[in-house]
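Me: I'm new to reading protein structures. Could you walk me through this one, feature by feature?

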Amino acid sequence: RGETLFAAGDSADACATLVSGALKVTRITATGDERILAVIHPAGFVGELFRPFMQHDVIALADSTLCLFSGQRFSAAIESY
């Protein structure tokens with residue numbers, strides 16, 4: 001809980017499916033206020049395929065388990081299938 005999984009500006013070299021828990025996608029305004037843009041529930045997906053998320057922080061709202069994929073391997077799997 002409270003851990004930043006992806007930070008705004010991170011390289012988009014990974015993606016993940018949320019197995020359990022909850023995530024929030026946020027941005028910080030110019031005045032320092034947090035804006036929650038989305039809440040991710042189990043089976044939700046974050047990362048490389050959803051590049052707009054890479055412009056925002058993805059933070060665990062609760063103890064969470066994710067299945068993390070290498071971006072390159074995930075792209076290769078999509079091309080193969």
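Reply: Happy to! Strands are DSSP runs of at least two residues, numbered from the N terminus. Keep in mind that this is a predicted model. With that numbering, His-56 is found in the loop between β5 and β6 (57-60).

Me: Is His-56 buried or exposed?

Reply: The general idea is a cut-off: buried means under 20% relative accessible area. His-56 has 18% relative accessibility, so this residue counts as buried.

Me: Which residues is His-56 in contact with, leaving aside its neighbours within four places in sequence?

Reply: They are Phe-6, Ala-7, Ala-8, Val-25, Thr-26, Arg-27 and Leu-37.

Me: Now the sheet. What is the order of its strands?

Reply: Two strands pair if there are at least two bridges between them. Here, an open sheet of 3 strands runs in the order β5-β2-β7, and the pairing is antiparallel. Both β5 (45-47) and β7 (65-70) are at the edges with a single partner strand each, so one side of each has no neighbour in the sheet. From one strand to the next, the twist averages 25 degrees.

Me: How many bridges join β2 and β5?

Reply: Strand β2 (residues 14-20) pairs with β5 over 3 bridges, in the antiparallel sense.

Me: Last one: which residues make the nonpolar surface patch?

Reply: Ile-36, Val-39 and Leu-61 make a patch of about 240 Å². To find Ile-36, look in strand β4 (residues 34-40).

Key:
Residues are numbered from 1 along each chain as its sequence is written. This is a predicted model: local features need pLDDT of at least 70, side-chain atom pairs count only at pLDDT 80 or more; totals for chains, interfaces and linings use all residues. Side-chain values use heavy atoms; hydrogens and water are left out. Helices (H or I, at least four residues) and strands (E, at least two) are DSSP runs, numbered from the N terminus. Axes are lines fitted to C-alpha atoms, for helices over the stretch in contact, and angles run from 0 to 180 degrees between N-to-C directions. Patches are made of residues with over 30% relative accessible area and no salt bridge: like charges are joined within 9 Å, nonpolar side chains (Val, Leu, Ile, Met, Phe, Trp, Tyr) within 5 Å. Accessible areas come from the Shrake-Rupley method with a 1.4 Å probe; for residues, only the protein chains shown count as cover. A salt bridge is a side-chain nitrogen of Lys or Arg within 4 Å of a carboxyl oxygen of Asp or Glu. Buried means under 20% relative accessible area, exposed over 50%, partly exposed in between (1.4 Å probe, protein chains only). Contact means heavy atoms within 4.5 Å.
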